[in-house]
Amino acid sequence: MLTLTTWFHERREKTAKHNKRLTPNVTKEMVLRFSEAMKLDVSQVDQFEFEVKDKHNKFVVHLRNKNCTCCVFDIDKIPCIHAIAASKRTNMDENKLADDFYLTDTWAKAYAKSIHPSGDAKNWVFPDSITGFFCAPPETKVSSGRPP
């Protein structure tokens, strides 16, 4: 049985071994997006703004504001294919455009503290103020009709 103690420990080990800037899942996504981005046509408007064209559409990317008119970059907070294409145009590292919560360092901080085992429940000691407390389960409404 997997416990929180084990789960946190395994994640800490995983983060220690991961040597990329971004978490593993985001790194995989960036690799997929990179291959698509290299097929796009990029025109630079100014230092931070670009027009990126695919076969059918044009998109406007602003690298400093970290947004694109496709809205994928805005929602995911991971560079879309258009932002990656624009960053490559200026030799910028596209990985630096991803939001901080996708950083391996942030991931490592989430699991930095240990979850200590609490032992067998029969050995737990509770203060009197807690022992007399009763917490009822939430009230539920039984819906009519056939169950799902």
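A nonpolar core is a set of buried Ala, Val, Leu, Ile, Met, Phe, Trp, Tyr and Cys residues joined through side-chain atoms within 4.5 Å; buried means under 20% relative accessible area, with a 1.4 Å probe and protein chains only. This is a predicted model, where local features need pLDDT of at least 70, side-chain atom pairs count only at pLDDT 80 or more, and totals for chains, interfaces and linings use all residues. Residues are numbered from 1 along each chain as its sequence is written, and side-chain values use heavy atoms, with hydrogens and water left out.

The largest nonpolar core holds 23 residues, and L22, V52, V61 and L63 have the most contacts inside it. Two or more residues come from each of α2, β2 (49-53), β3 (58-62) and α4. Helices here are DSSP runs of H or I, at least four residues, and strands are runs of E, at least two, numbered from the N terminus. The most comes from α4, with four residues.

Now the helix pair. Helix α2 (residues 24-37) packs against helix α4 (residues 81-89) at about 70°, with the axes 8 Å apart. Axes are lines fitted to C-alpha atoms, over the stretch in contact, and angles run from 0 to 180 degrees between N-to-C directions. The two helices, α2 and α4, are therefore roughly perpendicular, a term covering 65 to 115 degrees. M30, R33, F34, E36 and A37 of α2 meet I81, I84, A85 and K88 of α4, contact being heavy atoms within 4.5 Å.

Last, is H82 buried or exposed? H82 lies in helix α4 and is buried, at 6% relative accessible area. Beyond its neighbours within four places in sequence, H82 touches L40, V52, F59, V61, C68 and C70.

Terms used. Parallel < 35°, antiparallel > 145°, perpendicular 65-115°, else oblique. Buried < 20%, exposed > 50% of the residue type's maximum accessible area, 1.4 Å probe, protein only.
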